[in-house]
Protein chains: 2
Amino acid sequence: MRRSAFFLPTLKETPSEAQIASHRLMLRAGMVRQSAAGIYSWLPLGFKVLRKIEQIVREEQDAAGAQELLMPTIQSADIWRESERYDAYGKEMLRFKDRHDREMLYGPTNEELITQLFRDNVRSYRDLPKILYHIQWKFRDEVRPRFGVMRGREFLMKDSYSFDMDFEGAKRSYEAMFTAYLKTFKRMGLTAIPMQADSGAIGGNLTHEFHVLAETGESGVFYDIAYDDLAAKGEIDLAALNDLYAATDEKHVPGGPNVPPPERLREARGIEVGHIFYFGTKYSKAMNAMVQGKDGEPVFAEMGSYGIGVSRLVGAIIEAYHDDRGIKWPESVAPFKVGLINLKAGDALCDKTCDDIYAKLGAAGVEVLYDDRDDRAGVKFADMDLIGLPWQLIAGPKGLAQGVVELKNRATDEKVELSVDSALARLVG
Amino acid sequence: MRRSAFFLPTLKETPSEAQIASHRLMLRAGMVRQSAAGIYSWLPLGFKVLRKIEQIVREEQDAAGAQELLMPTIQSADIWRESERYDAYGKEMLRFKDRHDREMLYGPTNEELITQLFRDNVRSYRDLPKILYHIQWKFRDEVRPRFGVMRGREFLMKDSYSFDMDFEGAKRSYEAMFTAYLKTFKRMGLTAIPMQADSGAIGGNLTHEFHVLAETGESGVFYDIAYDDLAAKGEIDLAALNDLYAATDEKHVPGGPNVPPPERLREARGIEVGHIFYFGTKYSKAMNAMVQGKDGEPVFAEMGSYGIGVSRLVGAIIEAYHDDRGIKWPESVAPFKVGLINLKAGDALCDKTCDDIYAKLGAAGVEVLYDDRDDRAGVKFADMDLIGLPWQLIAGPKGLAQGVVELKNRATDEKVELSVDSALARLVG
């Protein structure tokens, strides 16, 4: 994509309404614009990141055997009355009547609708287990939406729902999602720590929040340093993880049971990006979702639900990867892999070399943002650092006279001068 | 995907509420389920088709130079007051108040929001032209939603918006979208006829509806048979197309001006799947969206908008491609390319051969739905015809004893017996 044609309105000034780094940087880098309180438009650069994150989430769900479908944003109030959550949900639920005066709502989550789909379409134990998921916009009418996409009102969530015949099956589904979540966050460059969350009446310890570590995280977290060893090994050892202590500051009791000794306890900041629950037959009983068991007797489905905040992750990744100058995208979610800077647009050799590099990288399937604007070098450097693409390839008249371009790694600031061919070889593959 | 694990609730009976073929077949083939009047959940099979159609639309938009972004579903009433459409829009607009009593709505279209984005972020003629688009769910509260996804209330639409400095630029944008639309529909196996639509006060003849031909189409269309020649040639000749007559029955006047003689006039049925408009400065003036011109003077942007009914296309394609037994998907939008039928699940040779075929096709990137269920052959044949995958590969004990499988083309019903290797060679690549 040529910068001169790209709809990328970067800002020099920091917008006064933004209190945290990711919000500031998403506005300044032209990724999003607020259209109403807590409601954002995703401009092309931000949308590309959102889609990459969504695709990683999708691939790991599919790999775990979950099947994608898509439920609508608007739901009937009727099914929420069946589960007895309609009155309980409160003001966060956006409610309205349609032109025929039927009570409707914008779905804040989908337990009711998926249970209805299951009840109406699944009959036999032979059809189980099933994990169904969708990636769909939700609306929660927060009192004080803030922190940009981190706590918006309209937000993109991946929510999965598992259906099993018994607790053992439900536990297997839970563990499959648990593992998929760790893989998902890892692919985005994030260290996610699963924390025991509130234990509901049923299911006990089968509920975890996943917090990614970021210095600017919203909540304090305490965890066993053995997590860092496991993360460094790159393995996902479910048994080992389950024995380790981890808790948010809300739940952490210094010196409490299971808390490791001070030399094994690490304190950090975290951002919640996922939450998984086993809730047994809560919804299947309330909504009468039964399948025929092997012995012919009807059985209420054992269920769980599993959420990932997809749009929130864009903010969380920026919180984890930025500096004073801007964003430092991990390659797996970067909107483009390479930012190509033409230091002197209009100069014949600069233009020809950059056009050639741009064409070759494009042909090799490498995504490039080519700053071909007639603007000062300082503006281009600052803009490219702000946007935060993993690699910057800088071509100017002085270097080209010597046959070299400069390759800069945004994360490390490491710069090397090398021939165009060597630079291309490094960036391709 | 193995049929035994796939969430694909096909129906033997035709649901009584469905009046047209695509609605009946989408319910019977387990593609969608209605959750409220005119509001559907897309089950995995239907969702796969929806995504393929969406991707074709996206690729042709990108190829035409349009840039994708994503605007939210919920909008503030304020911008609709600026354009003076808030009161005018009527009951089709779903309106509500948020918890702070602010008037909001579920976007039925996005002229206001994109104009606001443009106004707030684009300053100079150097940033033009721009075509911006998104693929997002819309809501229109139809009095009588019907025909399944063909006239739903919550529906997926691709809407593009062009911004130019003058009429000549706007006309170029219009023509780029016009051409992109013809390519888009052609890739889905559809013949789309552009019809002159209502001419608004401004823009005159720069508005077209695109109707795809289907025997069960909702409206009658009349067109010059030269369209068929152009379509057969596979060329998109904008000048030639613009001179040809085409009109829906609402606008057609037998023997009227420009109407070709009877021997050159064809009457058919059509389904509207796209609509493009040039509307000049209607919104930019109402919302004060100006950029600085070359001479330094501010200029109101010349705009156009361009819609494609993405979810509606699923129904339209089925209307164009089905028979008494079920759907006949064009390969470009088929949920899977191949349906593999194991005629005797449990038979060692059948299982081994099918498992092998399934693995090899999967490794070659061919999408396969493998009916591995322990069920009668008749059930499997009927189900596979209903679902309508382009190719059926049928393996049974008798044929395998002779070393052959059967390959059936769903569209033509042509069947051939051939070796497994020959069948694989035909399906790969």
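**Entry 1: a helix over the sheet**

I began with helix H10 (residues 348–363) of chain A, which lies across S19, S20 and strand S21 (391–395) and runs at about 165 degrees to S19(A). For my own record, helices (H or I, at least four residues) and strands (E, at least two) are DSSP runs numbered from the N terminus. Axes are lines fitted to C-alpha atoms, for helices over the stretch in contact, and angles run from 0 to 180 degrees between N-to-C directions. Contact means heavy atoms within 4.5 Å.

I then looked at helix H13 (residues 420–427) of chain A, which packs on the sheet and touches S19, S21, strand S22 (405–409) and S23 of chain A. The direction of H13 makes about 130 degrees with that of S23(A).

**Entry 2: ground rules**

I noted that this is a predicted model, where local features need pLDDT of at least 70, side-chain atom pairs count only at pLDDT 80 or more, and totals for chains, interfaces and linings use all residues. Residues are numbered from 1 along each chain as its sequence is written, chains are lettered from A and ligands numbered from 1 in the order in which they are written, and side-chain values use heavy atoms, with hydrogens and water left out.

**Entry 3: the sheet of 5 strands**

I read the strand order of this open sheet as S20-S19-S21-S22-S23 (chain A), with mixed pairing. Strand S20 (368–371) and strand S23 (415–418) of chain A are at the edges with a single partner strand each, so one side of each has no neighbour in the sheet. On average, neighbouring strands here are turned by 20 degrees against each other, direction ignored. Two strands pair if DSSP finds at least two bridges between them.

I checked one pair: strand S19 (residues 338–342) of chain A runs parallel to S20(A), joined by 4 bridges. Within S20(A), A:Leu369 stands opposite A:Gly339.

**Entry 4: the sheet of 3 strands**

I found a second open sheet, ordered S4-S6-S5 (chain A), with antiparallel pairing. Strand S4 (74–76) and strand S5 (94–97) of chain A are its edge strands, each pairing on one side only. From one strand to the next, the twist averages 35 degrees. S4(A) pairs with strand S6 (residues 103–106) of chain A over 3 bridges, and A:Ile74 has A:Tyr106 in S6(A) as its bridge partner.

**Entry 5: the two chains**
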